[in-house]
Amino acid sequence: MNSAILVNIVRFILLLAAQVLIFNNMNFLGYINPYPYILFIILYPVNGNKYGILLASFMLGIIMDMFCNSGGVHAASCIALAYYRPYIFKFSFGLSY
């Protein structure tokens with residue numbers, strides 16, 4: 001197994017566990033909830049498989065929906081972020097992307 005794949009699997013599990021166990025119970029100013037689990041989508045390798053990130057993002061979102069009882073909101077937003085990620089990176093970093 002490739003070390004990059006192993007790193008992504010560990011990152012997926014750790015960020016999801018941290019979100020579910022720590023950050024879902026945290027509220028800033030009474031209603032702001034931090035979502036660091038989206039770092040998985042942002043930190044996914046740029047040259048990685050496009051369908052792999054879409055599938056991993058869907059799985060990340062659907063697992064979050066199961067823990068939060070949010071009815072698909074996390075899955076939809078994770079897929080949208082993964083789909084538009086190249087455009088966001090190109091806008092943010094320009095030619096260096």
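These legends go with close-up views of a predicted model.

**View A. Helix α1 packing against helix α3.** Here we zoom in on α1, residues 3-21, and α3, residues 50-68, whose axes come within 11 Å and cross at roughly 25°. Angles under 35 degrees count as roughly parallel, so that's the label this pair of helices gets. As for handedness, α1 and α3 make a right-handed crossing.

**View B. Side by side: the residues where α1 meets α3.** On the α1 side, the contact is made by Phe12, Leu16, Gln19 and Val20. Helix α3 brings Ala56, Met59, Leu60, Ile63, Met64 and Phe67. Sort them by class and you get nine nonpolar residues, one polar and no charged ones.

**View C. The aromatic pair of Phe12 and Phe40.** The model has six aromatic pairs in total. In this one, the rings of Phe12 and Phe40 sit edge-to-face, 5.3 Å centre to centre with 85° between the planes. The pair ties together distant parts of the chain: Phe12 belongs to helix α1 and Phe40 to helix α2 (residues 39-43), 28 residues apart. Both Phe12 and Phe40 are buried.

**View D. A tilted pair, Phe89 with Phe93.** These two rings are 5.8 Å apart centre to centre, with 55° between the planes. Phe89 and Phe93 are four residues apart in helix α4 (residues 73-93), so about one helical turn separates them. Phe89 has a relative accessible area of 14%; the cut-off for buried is under 20%, so Phe89 counts as buried.

Notes. Residues are numbered from 1 along each chain as its sequence is written. This is a predicted model: local features need pLDDT of at least 70, side-chain atom pairs count only at pLDDT 80 or more; totals for chains, interfaces and linings use all residues. Side-chain values use heavy atoms; hydrogens and water are left out. Axes are lines fitted to C-alpha atoms, for helices over the stretch in contact, and angles run from 0 to 180 degrees between N-to-C directions. Helices (H or I, at least four residues) and strands (E, at least two) are DSSP runs, numbered from the N terminus. Angles under 35 degrees count as roughly parallel, over 145 as roughly antiparallel, 65 to 115 as roughly perpendicular and the rest as oblique. A crossing is left-handed if the near helix is turned anticlockwise from the far one by less than a right angle, and right-handed if clockwise. Contact means heavy atoms within 4.5 Å. Ala, Val, Leu, Ile, Met, Phe, Trp, Tyr, Cys and Pro count as nonpolar, Asp, Glu, Lys and Arg as charged, and the others, Gly among them, as polar. Rings of Phe, Tyr and Trp (its six-membered ring) pair if their centres lie within 6.5 Å; planes under 30 degrees apart count as stacked, over 60 as edge-to-face and the rest as tilted. Buried means under 20% relative accessible area, exposed over 50%, partly exposed in between (1.4 Å probe, protein chains only).
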